[in-house]
Amino acid sequence: MTTLFKTLRNIAATLTLTLLCLFTVQASPVDTYTFPDEVTKIRFQDLTYELRCPKCQNQNLADSNSPIAADLRAEVYDMLLDGKSDMEIMNFMVDRYGDFVLYRPKVNSTTYILWFGPVVFILIGAGVIFLFTRKKAEQPAELSEEQKQQLKSILKD
Amino acid sequence: MKVLIRLIPLVLFMLLGVLLYRGLFLNPQELPSALVGKPFPAFSLSKLENESMLTTEQDLKPGIKLVNVWATWCPSCKYEHPFLVKLSSDKRFSLYGINYKDERPLALNWLKQYRNPYQYSIFDQQGKLGLNLGVYGAPETFVVDHNNIIRKRFAGVLEPTVWQREFLPLINEIEDEMANGN
């Protein structure tokens, strides 16, 4: 009886979850762009995903509803249709809005810490662990005869 | 020696603390402008006051220019406007407006109602000039020098304290350069 009840409850829970998932709303803004081919569409999606909205700071162009993001999406679209390369489009944005618009920062002298900091910290951590464990390895001293006897008697009990 | 080694984590932690504490007081909205040091972008747009009159970057007066991006849909612009009117009487620079993504009748009405501090306003309905200037909202104000080089970009409301602290020294500096013939 209880197992049947449990099964029923599981089914009910699964159904509810599925329904909830069905009704989730996609919050990304809808532009009605039509693309000449699949590749351009994917490039558009990639670019608007990689470029950051200058106004809203923590959203990319694809996600943001702000007017400037819509403008910049339109600009990316126009440039794609003009046959500009991804690099040219990225540079166009950086020239106007600075490195800030790139979600993946460039590797240069101001961002070395950002890119290589974590590796440096891992190396430091590894070094520290190595030093400490090596010291420990030297330490274990032999038990004296007396201690061995003691150990044996304890283990016997 | 041992004691010193044990202090290392504490020292590192304190350094990190100082770094993060300072970070609390930085303004993330303050972006370095990519355009400082570059020439004012080329444009060919109509004047707000006269639909049939095209204006380009060549029409800007020689000398120091203040270019203010504004729109009637922007509440902060309204707040900033009286100060711009006050600034317009300063003879050391010419004040231009960029009417950014706005409707012409609304903008003209605004200028009639609140006085017009600008030499004229460039009517940028599509926001193309704004885009080339890296504008992402209004109000924004640019300082352009005698060689048509952008010297400063300021996003936000112009007010006397900001003016004193950030704009006046720069204007003095550019005047010095002009006097020295650079």
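Two residues are in contact here if their C-beta atoms, placed from the backbone, lie within 7 Å. On that basis, in this predicted model, the contact between chain A and chain B takes twelve residues from chain A and eleven residues from chain B.

**Chain A side of the contact**

- The most is given by α4(A), with four residues.
- By residue class, this side of chain A divides into five nonpolar, two polar and five charged residues.

**Helix α3 of chain A**

- The helix α3(A) has 15 residues.
- From its first C-alpha to its last, α3(A) reaches 21 Å, close to the 21 Å expected at 1.5 Å a residue.
- Its buried residues are A:I68, A:A69, A:L72, A:R73, A:V76 and A:L80.
- The partners against which the buried residues of α3(A) pack are α2 (38-50) and α4 of chain A.
- After α3(A) comes A:G83, which has a positive phi, near 85°.

**Positive phi in chain B**

- B:K101 is a residue other than glycine with a positive phi, near 50°.
- The position of B:K101 is in the loop between β4 (93-100) and α3 (104-114) of chain B.
- A residue is buried if 20 or more other C-beta atoms lie within 10 Å of its own; B:K101 has 20 C-beta neighbours inside 10 Å and therefore counts as buried.
- B:N148, also a residue other than glycine, has a positive phi near 60°.
- The loop that holds B:N148 runs between β6 and β7 (150-155) of chain B.
- With 15 other C-beta atoms within 10 Å, B:N148 is partly exposed.

**Cis peptide in chain B**

- The peptide bond that joins B:A138 and B:P139 is cis, with omega at about -5°.
- B:P139 is found in the loop between α4 (128-132) and β6 (140-144) of chain B.

Key
Residues numbered from 1 in each chain as written. Chains lettered and ligands numbered in written order. Predicted model: local features only at pLDDT ≥ 70, side-chain atom pairs only at ≥ 80, totals over all residues. Helix = DSSP H or I, 4+ residues; strand = E, 2+ residues; numbered from the N terminus. Nonpolar A, V, L, I, M, F, W, Y, C, P; charged D, E, K, R; others polar. Buried ≥ 20, exposed ≤ 12 C-beta atoms within 10 Å, placed from the backbone. Expected span 1.5 Å × (residues − 1).
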